[in-house]
Amino acid sequence: MADTAGSSLSLFIWVLIIGVGVLYGFWGGHIARNCGLDYWIGFIVGLLGGLIGILVLWLVGRDRIKKNKPVPERGQPEAGHIRQRQALKVCDRCGKLVESGATFCQYCGAVFTSAAS
Ligand SMILES: [Zn+2]
């Protein structure tokens, strides 16, 4: 009697441990997938490592995202591009880009009535 109760209790604990482990596995897999890693690597790390595994995955993932993200942003000279665009305006007559402060178009000679525009 006591033996059966004990084994069912330990079975319950095992199910609980495995259940929580699987939950951590799904969580780890989700984190891994978000940062470009294999889902099952995250699953196994979460399953075996639990909360520590999740923490490690999160740190690794954050590090990967930090390393990967700034590269395309740094590659495009966005700020310089905007600054250049602000200093230019389109000529109404020929459609070419001229300096916004210019009083006449250097391509077609059209006179701009308002240099500020
Ligand atoms: Zn022009």
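A residue is called buried if 20 or more other C-beta atoms lie within 10 Å of its own, exposed if 12 or fewer, and partly exposed in between. Keep that cut-off in mind for this model, which is a predicted one.

Start with Ile44, which is found in helix α2. Ile44 has 16 C-beta neighbours inside 10 Å, so it counts as partly exposed. Val56 sits in helix α2 too, and since 15 other C-beta atoms lie within 10 Å of Val56, it also comes out as partly exposed. Then there's Gly46, again placed in helix α2. Here the count is 27 C-beta neighbours inside 10 Å, and therefore Gly46 is buried.

Here are some C-alpha to C-alpha distances for these residues:

| Pair | Apart in sequence | C-alpha to C-alpha |
|---|---|---|
| Gly46 and Gly21 | 25 residues | 6.9 Å |
| Ile44 and Val22 | 22 residues | 8.8 Å |
| Val56 and Gly46 | ten residues | 9.2 Å |

What does Gly46 touch, if residues up to four places away in sequence are not counted? Its contacts are Tyr24, Gly25, Trp27, Gly28, Gly29, Gly53, Ile54 and Leu57. For Val56, leaving aside neighbours within four places in sequence, the contacts are Val45 and Gly49.

**The nonpolar core**

Which residues make up the largest nonpolar core? There are eight of them: Tyr24, Trp27, Ile31, Ala32, Phe43, Val45, Leu47 and Leu57. Two elements, α1 (2-34) and α2 (39-68), each give two or more residues to this core. Some of these names have already come up: Tyr24, Trp27 and Leu57 are among the contacts of Gly46, while Val45 is one of the contacts of Val56. As background, nonpolar side chains in soluble globular proteins tend to be buried together.

Once residues up to four places away in sequence are set aside, Ala32 touches Leu37, Asp38, Tyr39, Ile41, Gly42, Leu57 and Gly61. Leu57, then, is in contact with Ala32 and with Gly46.

**Zooming out**

How many helices and strands does the protein have? The tally is four helices and two strands, and along the sequence they run α-α-α-α-β-β. The protein has 117 residues, of which 13% count as buried. Gly46 belongs to that buried group, whereas Ile44 is partly exposed. As for contacts between residues at least 6 apart in sequence, 24% of them join residues at least 24 apart.

Note on methods: Residues are numbered from 1 along each chain as its sequence is written. This is a predicted model: local features need pLDDT of at least 70, side-chain atom pairs count only at pLDDT 80 or more; totals for chains, interfaces and linings use all residues. A nonpolar core is a set of buried Ala, Val, Leu, Ile, Met, Phe, Trp, Tyr and Cys residues joined through C-beta atoms within 7 Å. Two residues are in contact if their C-beta atoms, placed from the backbone, lie within 7 Å.
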